[in-house]
Amino acid sequence: MNQRKLLVPIVTIVVIIILGFSGGNFLIQKIGQLRSDLEAARQEESKLKEKLTILTDFQSAGSVAEVVAASIPADNPAVDAISQVRLKSGNFGVASLGISVSKPVTDAALSHTDISYELQGDLLSTISFIEEIVKTSPFNKIKKFSLGSASGGAAYSLNQRIYFGALPLSLGRASDPLAAMSDDDIKIVTDLGNLEKPVFTALTPQPSRTNDNPFGI
Amino acid sequence: MKTNINLIPAELGQAGPVVRISNLLNSAALFMTVIFIALGVVGGAYLLILGGQISASNQAKESTVSEIERLKEVEAQYVLVKDRVDKIKPIIAEPGAEKYMGLFKSIVSSLPDSTAISEAEVDGTLMKLTFQASKSSDLVNLFSSLSQGGVFKRVYLKNFSFNKSIGYVASLEVTP
């Protein structure tokens with residue numbers, strides 16, 4: 001009788017301890033897993049919200065992509081660059097005598113082409129012209145400027161480099177994170193946007209004139 | 001044969017050690033059961049709260065993803081701009097002659113009438129300049145102005161000569 005009185009609470013305590021250990025262990029593991037799941041979900045949510053903010057801000061900034069793509073296009077922009085040089089040289093009274101375009105050098109990042117110009121004119125005007133050329137689109141860098149004497153006056157040689165490259169083809173999933181632009185990146189975009197775009201004249205097609213008497217009879 | 005006869009009713013008798021231990025164990029068992037149930041309830045509630053928070057976060061994610069999908073065109077433009085910027089950044093950092101054209105202009109514009117530049121080469125790293133002057137004092141003034149401004153890291157006199165017909169000729173290599 002006395003032994004039975006002791007047995008019931010002892011069994012209860014043992015059962016509670018066993019259940020407490022196994023159940024507690026399970027509960028702690030489950031809570032840990034859910035907390036890490038929640039942390040991961042919140043991090044992903046935060047990244048997505050950041051991406052959305054980036055895109056919304058970019059949308060409100062206007063059509064930057066078009067300007068940037070024109071500055072560093074997919075195809076070789078040698079014609080645009082030469083057009084800009086011809087136009088600007090006229091403005092500064094500098095004569096562009098010879099133009100030669102090198103074979104494009106392909107690169108994984110951006111390919112480039114060098115354009116060489118033979119120029120003639122006043123030295124200070126030529127320097128001002130070069131300073132102006134680097135402010136025009138497509139994006140270009142002056143690799144070398146040299147001055148030598150020629151029979152018809154001072155002759156200058158200018159080596160300009162222009163850049164181009166394939167556009168990105170894949171976009172990735174909507175849930176993929178997007179790298180934000182740094183202050184340096186924004187400055188580059190602004191600088192590229194400020195480059196003077198090439199001006200092309202669109203010719204209006206004229207209707208063909210009918211010749212009533214084609215054989216002159 | 002000896003037998004123990006107790007005529008006092010059990011409820012009036014003194015509790016033995018077994019009964020006291022039994023009571024203690026009963027109390028402990030009850031206390032542990034209450035604690036076990038309470039912790040179970042709290043743990044279960046916390047699991048439900050965590051589950052709810054995960055579900056709310058997932059819903060917010062889905063809503064954000066659908067908003068991002070609506071801005072697919074903007075994203076394409078952004079990716080294009082970022083791609084161009086990342087690729088042009090190292091090229092912008094490369095030295096270019098355009099950086100020194102302003103400096104070259106200031107040298108040319110400050111030359112006296114009796115001094116001229118006969119040859120020049122400007123690239124991203126240095127300027128090679130050849131001056132002609134009828135008076136040596138003009139070249140001395142030019143050298144001192146080039147070396148004093150603190151604009152150039154190095155001014156290196158490569159060649160110096162005198163020719164009766166053209167005067168003094170000095171070739172310099174200037175590193176900005």
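This is a predicted model: local features need pLDDT of at least 70, side-chain atom pairs count only at pLDDT 80 or more; totals for chains, interfaces and linings use all residues.
Residues are numbered from 1 along each chain as its sequence is written, and local features need pLDDT of at least 70. Chains are lettered from A in the order in which they are written, and side-chain values use heavy atoms, leaving out hydrogens and water.

**Exercise 1.** Find which strands pair with strand S2 of chain B.

*Solution.* 
Step 1: Locate S2(B) at residues 127-133; strands here are DSSP runs (E, at least two residues), numbered from the N terminus.
Step 2: Look at S1(B), residues 115-123, which pairs with S2(B) in the antiparallel sense over seven bridges. Pairing requires that DSSP finds at least two bridges between the strands. Here B:Ile117 has B:Phe131 as its bridge partner, and a hairpin of three residues joins S1(B) to S2(B).
Step 3: Turn to S4(B), residues 167-175, which also pairs with S2(B) in the antiparallel sense, over seven bridges. In this pair, B:Met127 stands opposite B:Val174.
Step 4: Check the cover: five of the seven residues of S2(B) are buried, meaning under 20% relative accessible area (1.4 Å probe, protein chains only).

**Exercise 2.** Describe how chain A meets chain B.

*Solution.* 
Step 1: Count contacts (heavy atoms within 4.5 Å): 76 residues of chain A touch 67 residues of chain B.
Step 2: Search for salt bridges, where a side-chain nitrogen of Lys or Arg lies within 4 Å of a carboxyl oxygen of Asp or Glu. The rule finds eight across this interface. One of them links A:Lys144 and B:Glu121 (3.7 Å, N to O).

Note on methods:
Buried means under 20% relative accessible area, exposed over 50%, partly exposed in between (1.4 Å probe, protein chains only). Helices (H or I, at least four residues) and strands (E, at least two) are DSSP runs, numbered from the N terminus.
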